[in-house]
Amino acid sequence: MEYCAKCGKFDYLDKVAVVVGGANAAAQTAVQVGHSAKKVFIVHRGSELRCDQIWAKHIAENPKIEVIYNSVLTEIVGDGQKVTGIKMSSKNSQGQEELKE
């Protein structure tokens, strides 16, 4: 887990990253991490991003960034040493979905 993507963006080299949110901070983080990560998922509880258009444009143009709308992060899964996945619930369905590394 990171709290400063700009500080550690190369820590994501060829890894999968998850960013939670839909406003400017989340969008900017996803774009920055997207330069080095293999894949970036944005988990957003709303049906559209709330970020400025410039960030939305950068997200749309980067095939490594995927937005998961109408979903809420419910659990960070790990093996005691590292994060191995996340669980989230969708506003549109019952149950939970899991993303794994």
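Colleague: What share of the 101 residues in the protein chain is buried?
Modeller: Buried residues make up 37% of them. This is a predicted model. Buried means under 20% relative accessible area.

Colleague: How do you know whether the radius of gyration agrees with a compact globule?
Modeller: Set the two values side by side. For 101 residues, a compact globule would have a radius of gyration near 13 Å. The protein chain has 13 Å, so the value agrees. Along the principal axes, the C-alpha trace spans about 35 × 30 × 20 Å.

Colleague: Which elements make up the chain, and in what order?
Modeller: There are two helices and six strands. From the N terminus on, they run β-α-β-α-β-β-β-β.

Colleague: What part of the contacts with a separation of 6 or more comes from residues 24 or more positions apart?
Modeller: Such pairs account for 43% of those contacts.

Colleague: And the surface: what do carbon and sulfur atoms supply?
Modeller: The protein chain exposes about 6,600 Å². Carbon and sulfur atoms supply 49% of that area.

Colleague: What does Ser71 touch, beyond residues up to four places away in sequence?
Modeller: Ser71 touches Val43, His44 and Arg45, and also Met88, Ser89 and Ser90.

Colleague: Turn to helix α1. Why is Thr29 not called buried?
Modeller: Thr29 stands at 24% relative accessibility. Buried needs a value under 20%, and exposed needs one over 50%. Thr29 falls in between, so it counts as partly exposed. Thr29 lies in α1, residues 24-34.

Colleague: Where does the side chain of Thr29 reach?
Modeller: The side chain of Thr29 reaches the backbone oxygen of Ala25, at 2.8 Å. The limit for a polar contact is 3.5 Å.

Colleague: Which residues of α1 are buried, and what covers them?
Modeller: The buried ones are Ala26, Ala27, Ala30, Val31, Gln32, Val33 and Gly34. Their cover includes β1 (16-20), β2 (39-43), α2 (53-61) and β3 (65-68).

Colleague: What makes the largest nonpolar core, and which element gives the most to it?
Modeller: This core has 16 residues. Ala30, Val33, Val40, Ile42, Ile59 and Ile65 have the most contacts inside it. The elements giving two or more residues to the core are β1, α1, β2 and β3. Of the elements, α1 gives the most, with five residues. In soluble globular proteins, nonpolar side chains tend to be buried together.

Colleague: What is Val40 in contact with, leaving aside neighbours within four places in sequence?
Modeller: Val40 is in contact with Ala17, Val19, Ala30, Val33, Gly34, Lys64, Ile65 and Glu66.

Colleague: How many residues are in the other core?
Modeller: Six residues, among them Val43, Ile68, Met88 and Leu99. This core lies apart from the largest one.

Colleague: How far apart are Glu98 and Ile86, in sequence and in space?
Modeller: They are 12 residues apart in sequence. From C-alpha to C-alpha, Glu98 and Ile86 are 5.7 Å apart. Leaving aside neighbours within four places in sequence, Glu98 is in contact with Val77, Ile86 and Lys87.

Notes:
Residues numbered from 1 in each chain as written. Predicted model: local features only at pLDDT ≥ 70, side-chain atom pairs only at ≥ 80, totals over all residues. Heavy atoms only, no water. Helix = DSSP H or I, 4+ residues; strand = E, 2+ residues; numbered from the N terminus. Buried < 20%, exposed > 50% of the residue type's maximum accessible area, 1.4 Å probe, protein only. Polar contact = N/O pair within 3.5 Å; in protein donor to acceptor, adjacent residues only side chain to side chain. Contact = heavy atoms within 4.5 Å. Core = buried A, V, L, I, M, F, W, Y, C linked by side-chain atoms within 4.5 Å. Rg over C-alpha atoms; globule rule 2.2 N^0.38 Å. Areas by Shrake-Rupley, 256 points an atom, 1.4 Å probe, with all protein chains shown as cover.
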